[in-house]
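My notes follow in the order in which I looked things up.

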Amino acid sequence: TLYPGGGLVIDDKTSDDNLKRIFESKCFRKVIVTQDNVKDYLLKKKLCKEEDIEFIFGIVTPESTLKSTSRKRLYYPDKKHLDICFVAHKYLDKGSDKGYDLFIESAKKIVLDKKIKNARFHVVGEFNKEDIDVSDIEKKIHFYGVLPVDELNDFYQKMDIIVSPTRPFVLSKGSFDGFPTGSVTNAMLNGVLAITTDSLKLNNNRFEVNKDIIIVEPKVDDIVSKIDELYKEPDKMVEIATSGKNKAKDIYSLKNQIDRRTKLLKSLAKREYK
């Protein structure tokens, strides 16, 4: 399976050489591809034949996360605070590939403009207050470190919004994140409204924009204006979060992820061993 990350880089000789070595192996049968741009790239570079590609959009999700979709939860204003989170691993000091800098600047603007007085901000991952100065909002932001899956599901149940303003080709020339990221996927399955970027146009209408998900430009003003709109219309926030959860439940279901992979493996085994 070719997931974004893990050494898969667009227009990179080392990455291409690794792919060629795999596809030219006498053991190679099929490659599972999860993003449109990866499939297009393999075909454009003639790295393998189209009939050897099995396209399955998305990722395999822990079963515990799929089960958490049925848990009852509260949203603002049925709880005191509007809880906004950022969840990602840190690969750069300021996390610019994941948009951590945009998240912090957005948080500062929201807090210092005093438009949303009861907003709180939450960061999961290897980030801390030393990466970017947060002294002027330190009472409004909390850092959790890296959380295991079950604790992360509990965390998401308390969140209203996740902000994931990723930028492609920042970590390295040809690196990129899949759409949506694994963190956003898990958040949506837990009923969190997702505000994310899609610079590479990988959504392709799988999630309906402004109905299942909110897509923004990687700009602070765009992120802040969307959060402000949701704060003023909390019913709309719950509506989008719920619709997004239901769409995610279908896309990342065992039927659409595991069953398709199992069917593929069985068909290959039958062909190989008659």
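Entry 1, conventions. I take helices (H or I, at least four residues) and strands (E, at least two) as DSSP runs, numbered from the N terminus. The model is predicted, so I noted the limits: local features need pLDDT of at least 70, side-chain atom pairs count only at pLDDT 80 or more, and totals for chains, interfaces and linings use all residues. Residues are numbered from 1 along each chain as its sequence is written, and side-chain values use heavy atoms, with hydrogens and water left out.

I located Ser-164 in strand E6. For burial I use relative accessible area: buried is under 20%, exposed is over 50%, and partly exposed is in between (1.4 Å probe, protein chains only). Accessible areas come from the Shrake-Rupley method with that 1.4 Å probe, and for residues only the protein chains shown count as cover. Ser-164 has 6% relative accessibility and therefore counts as buried. I then listed its contacts (heavy atoms within 4.5 Å). Leaving out residues up to four places away in sequence, Ser-164 touches Thr-181, Val-184, Ile-195, Thr-196 and Thr-197. I also checked Lys-98, which is 66 residues from Ser-164 along the chain; their C-alpha atoms are separated by 6.9 Å.

Is Thr-181 buried or exposed? Thr-181 is buried, because its relative accessible area is 13%.

Seven of the eight residues of H6 are buried, so the helix is largely enclosed by the rest of the structure. The buried ones are Ser-183, Val-184, Thr-185, Asn-186, Ala-187, Met-188 and Leu-189. Which elements cover them? I found that the cover includes helix H3 (63-67), strand E3 (82-87), helix H5 (149-156), E6, strand E7 (193-196) and helix H8 (234-251). After H6 comes Gly-191, with a positive phi near 85°.

My rule is a side-chain nitrogen of Lys or Arg within 4 Å of a carboxyl oxygen of Asp or Glu. The count by this rule is 18 salt bridges.

Arg-206 and Asp-36 form a salt bridge through their side chains, at 2.8 Å from N to O. Arg-206 is in the loop between E7 and strand E8 (214-215) and Asp-36 is in helix H2 (residues 36-44), so the pair ties together parts 170 residues apart in sequence. Arg-206 counts as partly exposed because its relative accessibility is 22%, and Asp-36 counts as buried at 18%.

Arg-167 and Asp-101 meet in a salt bridge at 3.0 Å, N to O. This pair also links distant parts of the chain: Arg-167 is in the loop between E6 and H6, Asp-101 is in helix H4 (residues 100-113), and they are 66 residues apart.

Asp-212 pairs with Lys-247, with the closest N and O atoms 2.9 Å apart. Asp-212 sits in the loop between E7 and E8 and Lys-247 in helix H8, 35 residues apart. Asp-212 is buried, with a relative accessible area of 3%, whereas Lys-247 is partly exposed at 27%.

I recorded one network of salt bridges, linking Lys-79, Asp-83, Arg-120 and Asp-160.

Patches are made of residues with over 30% relative accessible area and no salt bridge; like charges are joined within 9 Å, and nonpolar side chains (Val, Leu, Ile, Met, Phe, Trp, Tyr) within 5 Å. Lys and Arg count as positive and Asp and Glu as negative, while His and the chain ends are not counted. The place of a charge is taken as NZ of Lys, CZ of Arg, CG of Asp or CD of Glu.

Glu-130, Asp-133, Asp-136 and Glu-138 form a negative patch. Glu-130 lies in the loop between strand E4 (119-124) and strand E5 (141-145), and counts as exposed at 65% relative accessibility. The C-alpha atoms of Glu-130 and Thr-181 are separated by 25 Å.

Tyr-3, Val-60, Leu-254 and Ile-258 make a nonpolar patch of about 290 Å². I placed Tyr-3 in the segment before helix H1 (13-23); at 31% relative accessibility, Tyr-3 counts as partly exposed.
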